[in-house]
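Here are some notes for a colleague who has not seen this structure before. They go from the whole chain to single residues.

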Amino acid sequence: LASLATTAFAVEPRYSDTNKLTVILSIDGTTATCTASLIGADGTTSISNGHLILKDSHGTTIGDWGNLSSNTDKLFVSKTVKNLTKGETYTLSFSANVNRNGNSEPVSGSSSKTCPK
């Protein structure tokens, strides 16, 4: 049997205190890998209030991870959700605050993908 893996990437707008934000929803069979990668600009002291959430097309929460933080300029989160419904479209959303130079910049991004039938 062959396994089909699909991946969705989202590139978000550039922020003043953030170098890069990537939100990736990857689906392999009926398992989702939910990934967010955030890199603050030079001088970033921390990343706080991170929240990663996976919802189906009806708005039902399938996975929810909060209180994500880092005491550095980088935050990487990867979570897995099993037993997705084939043919259903899922949306992964991520938000956090990048703390730099006395400012707290809110950032967010999302990615959607349909579970293969």
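1. The chain has 8 strands and 0 helices. Read from the N terminus, the order of elements is β-β-β-β-β-β-β-β. Please keep in mind that this is a predicted model.

2. Of the 117 residues in the chain, 43% are buried. The accessible surface amounts to about 6400 Å², and carbon and sulfur atoms account for 46% of that area.

3. Contacts that span the sequence deserve a remark. Taking contacts between residues at least 6 apart in sequence, 61% join residues at least 24 apart.

4. Ala36 belongs to strand E3, which covers residues 31-40. Is Ala36 buried or exposed? Its relative accessibility is 1%, so Ala36 counts as buried, the cut-off for buried being under 20%. Beyond its neighbours within four places in sequence, Ala36 touches Thr22, Leu52, Leu75, Phe76, Val77 and Phe94. Of these, Leu75 is 39 residues from Ala36 in sequence, yet the C-alpha atoms of the two are 7.9 Å apart.

5. How many salt bridges are found in the whole structure? The search gives 2. One is between the side chains of Arg100 and Asp17, at 2.5 Å from N to O. Arg100 is in strand E7 (residues 89-100) and Asp17 is in the loop between strands E1 (5-11) and E2 (18-28), so this pair ties together parts 83 residues apart in sequence. Arg100 and Asp17 are both buried.

6. Asp73 and Lys74 also form a salt bridge, with 3.3 Å between the closest N and O atoms. Asp73 is partly exposed at 22% relative accessible area, and Lys74 is partly exposed at 47%.

Terms used:
Residues are numbered from 1 along each chain as its sequence is written. This is a predicted model: local features need pLDDT of at least 70, side-chain atom pairs count only at pLDDT 80 or more; totals for chains, interfaces and linings use all residues. Side-chain values use heavy atoms; hydrogens and water are left out. Helices (H or I, at least four residues) and strands (E, at least two) are DSSP runs, numbered from the N terminus. Buried means under 20% relative accessible area, exposed over 50%, partly exposed in between (1.4 Å probe, protein chains only). Contact means heavy atoms within 4.5 Å. Accessible areas come from the Shrake-Rupley method with a 1.4 Å probe; for residues, only the protein chains shown count as cover. A salt bridge is a side-chain nitrogen of Lys or Arg within 4 Å of a carboxyl oxygen of Asp or Glu.
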